[in-house]
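Biologist: I am new to this one. Can you put it up and take me through the side-chain contacts?

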Amino acid sequence: MKIAVIPIDNRPICYDLISDILSIDNNIELFMPDIKHLGGLTRHSDVENILSFIQNLPKIDSLVVCLDTIAYGGLISSRRTEESYNEIKKRIEKFKNIALKKTKKILAFSSIMRISNNNINEEEKTYWNKYGEKIFSWSFETHKNEVLKLNREIKTDIPDEILDDYLNTRKRNFKINQLYLKWAKEGFFDTLIFSKDDCAEFGLNIKEANFLDNEIKKLNLNNVKIKTGADEIPLGLISRAINENIKFNPIFIEENSINLISKYEDISIKNCVLGQIELSKSAIDTKNYDINLIINNFKVEQGDLVLGSAINTLNKNIDFNLKTPFAIADVNNANGADNGLIEQIMNLKTDNLYGYCAYNTSANTIGCALLIAIVKFLALKYNTYNDLAFKKLMFIRLIDDWAYQTIIRKDIRKNAPDFKKTLDKNNNELNNYANIISKFLNYYPQNLKYSLPWNRSFEIRIEIK
């Protein structure tokens, strides 16, 4: 099976993770552009090189593509670039013509531009450091006014030129998304996802999502969906491209809390799980299932390891149902693992472990766990399973999601902005956790290298030489 993927950007979770997961199945041949052509925190993707990469592909079974990468040079660039609608339209039409010659199965996603509720401009335009919270509040109250017909005056001290610039960027991106709907009606996409990232109850992004949703229904486009999330969407689309109606049995650790909403999302954890299973083209079957999906969900409120509010599940009697395959989506905390759960996992045998993930948001984690489980299941079914690749993947997930995100990162954050120097000081501690993970997996990699590719504490790259 030949699959080509155009990732969101060059972050390990968007680039390395895809390669690491698909390496579990020796039958999958993965094509991705060289990482040097993909955008980062401060630079756009080299779109012309990426288009050349697609043009030079052999005939492939599926193309999974982040449309933001083609249109704007990346997800972050979609909020920053000053290019006009016509310039962007010309570029994506070139992509369309090239892609049609390579495959009939194009699974794509495009973001509904987020509205970040803070004054941090790391991933936004420069004025966000002063007006970010005000723009969010203005957007929230304006949309709320419309929906509830409150007729209140919305006052703001955002300069006209800044608000105009922001609104023009939104309008341009929204117009591009409407163009994708037209392409969907023409049959260009096998699947098209509009992703909502960092959502609230009201806002211009929610207004756009509602409009798109109404158009999808009006046009009867069953292959077009709106999903909460971002980074996990390509993982879900890859699952969709390779899936063979695998059946999952979702098991929530906190059964009475399934209607609670995760941080950074606007749907319940139950609906998040159902949505990710639907996106992966899997089925739910609580009796005749192939894989158990264990969701370590939160009891009252989700912790957040970035904000320093960790919640640990200690001494909880969790039935991992070891006689049948299981994957674990650890969402007790956003942005990292549950220490208490890890203690219990480390005492398990790995024979029936079909995946573990605990990165970023609940949707990120669940989408990741599902793809790992699906790839391993199919690889075992067709005798193309690469156990060494699976152990490598689990090693990286545990050292990233647990050792780094849960334990080491808080020390890195304390020593901003010299993140690299602090990471170097923590190498020995990371290696100590690597030894623990190695014994659990019976996998002993040599020459580990740790780096912070975006020179911030949020993501780490773990290379095994």
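Modeller: This is a predicted model. Start with the rings: those of Phe, Tyr and Trp pair if their centres lie within 6.5 Å. Ring pairs link Phe95, Tyr180, Trp183, Phe188 and Phe189 into a cluster.

Biologist: How many aromatic pairs does the structure hold?

Modeller: There are 13 aromatic pairs. One of them joins Phe188 and Phe189, edge-to-face, with 4.8 Å centre to centre and 70° between the planes.

Biologist: Is Phe188 buried or exposed? And Phe189, buried or exposed?

Modeller: Phe188 is buried, at 5% relative accessible area. Phe189 is buried too, at 4%.

Biologist: Which residue lies over the face of Phe390?

Modeller: Lys376 does, at 3.8 Å from the ring centre. Phe390 itself is buried, with 4% relative accessibility.

Biologist: Switching to charges. How many salt bridges are there?

Modeller: The count comes to 33. In one of them, Glu124 meets Arg79 at 3.6 Å, N to O. Those two are 45 residues apart: Arg79 is in helix H4, and Glu124 is in the loop between strand S4 and helix H6.

Biologist: Are Glu124 and Arg79 buried or exposed?

Modeller: Both are buried. They also belong to a network of salt bridges that includes Arg114, Glu122, Glu123, Arg456 and Glu459.

Biologist: What about Lys89, which residue does it form a salt bridge with?

Modeller: With Glu93, where the closest N and O atoms are 3.0 Å apart. Both residues lie in helix H5, four residues apart, about one turn of the helix. Lys89 is partly exposed at 25%, and Glu93 is partly exposed at 31%.

Notes:
Residues numbered from 1 in each chain as written. Predicted model: local features only at pLDDT ≥ 70, side-chain atom pairs only at ≥ 80, totals over all residues. Heavy atoms only, no water. Phe/Tyr/Trp six-rings, centres within 6.5 Å; stacked < 30°, edge-to-face > 60°. Buried < 20%, exposed > 50% of the residue type's maximum accessible area, 1.4 Å probe, protein only. Lys NZ or Arg CZ within 6 Å of the ring centre and 35° of its normal. Salt bridge = Lys/Arg side-chain N within 4 Å of Asp/Glu carboxyl O.
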